Amino acid sequence: EVFAFFNKGGQAEELRLDTEQMLQSRRSLIEFSWNNFLAQPIYGIGFQVAKTDFFVRNATLFTAPAEKGFLPTAMLEEGGILGTTAFLVFLLALIAGWVRERNAPAIVVFLGFLVSNLGEVSMFSPGGSGAFGWIMVGASVVLGDNCWRSPSQTHR
């Protein structure tokens, strides 16, 4: 069952992972993002936009239906080298602050949120799973070590 899940629903008669089958659903999005990055490597194409006919027809001031399939190539495509560098500095600054504060719950929840966004970039969507993920990260930051202490230990 685990191998069937990772093989994207394929039959798992053999106990091995089929990377071709795992990546085929995202390969075209990754290649498209990579080609857009190569066309504009310094600044990228813009945040949460796409160069597809569907996007041009359906994007409005309040909605922009751009699906990105892989976080690293999506960041390079949208922000170029400069935007991706700024995003990485942002991520490292968040994590470094939590390391200094010894806020293990925030680090663990944020890294889980980040890893879950590698295959389906939802962290930039204000609704749905993106909003839920940021709410969970915020809750873990606020609760911090209070997640691990009993109420009697906090009043000492």
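Which residues of helix α6 are buried? In this predicted model, local features need pLDDT of at least 70 and side-chain atom pairs count only at pLDDT 80 or more, whereas totals for chains, interfaces and linings use all residues. Residues are numbered from 1 along each chain as its sequence is written, and side-chain values use heavy atoms, with hydrogens and water left out.

The protein chain contains seven helices and zero strands; helices are DSSP runs of H or I with at least four residues, strands are runs of E with at least two, and both are numbered from the N terminus. Buried residues make up 28% of the 156 residues in the chain, where buried denotes under 20% relative accessible area, exposed over 50% and partly exposed in between (1.4 Å probe, protein chains only).

Helix α6 spans residues 129–143. Its buried residues are Gly130, Gly133, Val137 and Ser140. Seen down the axis of α6, these buried residues fall within an arc of 95°, so they line one face of the helix; the arc is that of the directions from the helix axis to the C-beta atoms. The cover over the buried residues of α6 includes α4 (71–101) and α5 (104–116). The exposed residues Phe132, Ile135 and Val142 are carried on the face of α6 turned away from its buried side. Gly144, which follows α6, has a positive phi, near 45°.

Arg102 is located in the loop between α4 and α5. Although Arg102 is not a glycine, its phi is positive, at about 55°. Most residues other than glycine have a negative phi. Arg102 counts as exposed, at 68% relative accessibility.

How values were computed:
The expected span of a helix is 1.5 Å times one less than its number of residues. Contact means heavy atoms within 4.5 Å.
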